[in-house]
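Here are my notes on the model, as numbered points. Please read them with the structure open.

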Amino acid sequence: MNNLNRLFQFASNMVVQGPLYAIANARIHSPIPLEAAENWKFWNDQKSSWFESLVRAYPPSSRRKAYLDSMLAQDHANGIEAHYDISNEFYGLFLDTKYRFYTCAEFLSDTETLEEAQENKAKYLLSLLNISGSEKILDLGCGWGAMLRYLQDAGHWGELTGFTLSKEQLTYAREKLGLNVSLTNFITAPFENALYDRILSIGALEHVRPKELQQLYQKIYDALAPQGLAVHQFFSFEREPYPASAILLQLFFPGSLLVIHRHHIEAAESVGFRITHDSIHDYKPTIRAWYERLVENQARALELVGLEIYNRYMTFFPVAWLFFVQKEAELHRIVMEKSSH
């Protein structure tokens, strides 16, 4: 993209999607790799009050809603493929080396490695699942099979099934790990082979659109055995349903829109779930660890995916960090219990 085209694109993005989107997209299309320290500082240094007011107010909420509604008209698979079907080896450059969790870890100290923190998270979720080892478990949006593999390593012998919409993840989980994973849209497809004792999701409910939420929770409830548990880790909006940041996030997850957290709770309870656990956790250390690993592996990343995708992830991580610093969203771990009837 030459300078004139970049300028035209920037102006067009400013008018339609607003300054946050325009700035991020311009940096993604930088003709050179983004410099690590400058890039992190650019997004996370304090800005003037007038600029902060501008980026929160423009585009106005009615136009934000119209734009986001148009993005939500596309098939779920398009957005998943755009973000995940890049290169398994590329993701291996910055994710933990043992399990490949692309979800919030649990750092218990500043000295822990990403690998240790991801195992802490998996152990935490294992405790929430409250299993003996024989349970039939379904993992929605299972990624590279990280939690399924962790369950196997922990000695689980019951039936394990995973759904993903990423062809790259499917290949990895099936061929490299030998897991029972299928290319299934858990939002729209029926859950075959029910009843399950546990239904799990880690970083998948972020892709469930507001209008789909109650129907999904009903489907999860119906697919669980009596007294079954649904255990979910996801981040959700805390305040407004169509913030300016939701438009910015379309650069990274096209067709996805977070739901306000209380709407998750209301939808789950309306279909019969009892919420027995809801805790908030800090995503920021995980994001920073991924960023630093990507920077360390810049040369190989550029070989694998090229300049634009490298700069896209270099932009995504500090933007995501800022998203949580400003508490537009929080990362929750939730247990939902089905009644015994």
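1. Where does L195 lie? L195 sits in the loop between β3 and β4. A cis peptide bond joins A194 and L195, with omega at about 15°. Helices (H or I, at least four residues) and strands (E, at least two) are DSSP runs, numbered from the N terminus.

2. This is a predicted model, in which local features need pLDDT of at least 70, side-chain atom pairs count only at pLDDT 80 or more, and totals for chains, interfaces and linings use all residues. Residues are numbered from 1 along each chain as its sequence is written, and side-chain values use heavy atoms, with hydrogens and water left out.

3. R100 also deserves a look. Its phi is positive, about 65°, although R100 is not a glycine. R100 belongs to the loop between α7 (88–92) and α8 (114–129). Most residues other than glycine have a negative phi, and most peptide bonds are trans.

4. Now the sheet. It is open and has seven strands, in the order β3-β2-β1-β4-β5-β7-β6, with mixed pairing. Two strands pair if DSSP finds at least two bridges between them. β3 (181–183) and β6 (274–281) are at the edges; each has a single partner strand, so one side of each lacks a neighbour in the sheet. From one strand to the next, the twist averages 15°.

5. β1 (residues 137–140) pairs with β2 (residues 160–164) in the parallel sense, over four bridges. D139 stands opposite G162 in β2.

6. Which helix packs on the sheet, touching β1, β4, β5 and β7? Helix α11 (residues 213–223) does, and its direction makes about 150° with that of β5 (224–237). Contact means heavy atoms within 4.5 Å. Axes are lines fitted to C-alpha atoms, for helices over the stretch in contact; angles run from 0 to 180 degrees between N-to-C directions.

7. Next, a helix pair. The axes of α2 (residues 19–28) and α15 (residues 298–325) come within 8 Å and cross at roughly 140°. That makes α2 oblique to α15, since angles under 35 degrees count as roughly parallel, over 145 as roughly antiparallel, 65 to 115 as roughly perpendicular and the rest as oblique. A24, R27 and I28 of α2 meet E308, N311, R312 and T315 of α15.

8. Last, the largest pocket. A pocket is an open set of points on a 1 Å grid over the protein atoms alone, where a 1.4 Å probe fits, with protein on both sides within 12 Å along at least five of seven lines; lining residues have an atom within 4 Å of a point. Of the 21 lining residues, L20, E52, V55, L322 and Q326 are the closest to its centre. α4 gives the most to this lining, with four residues.
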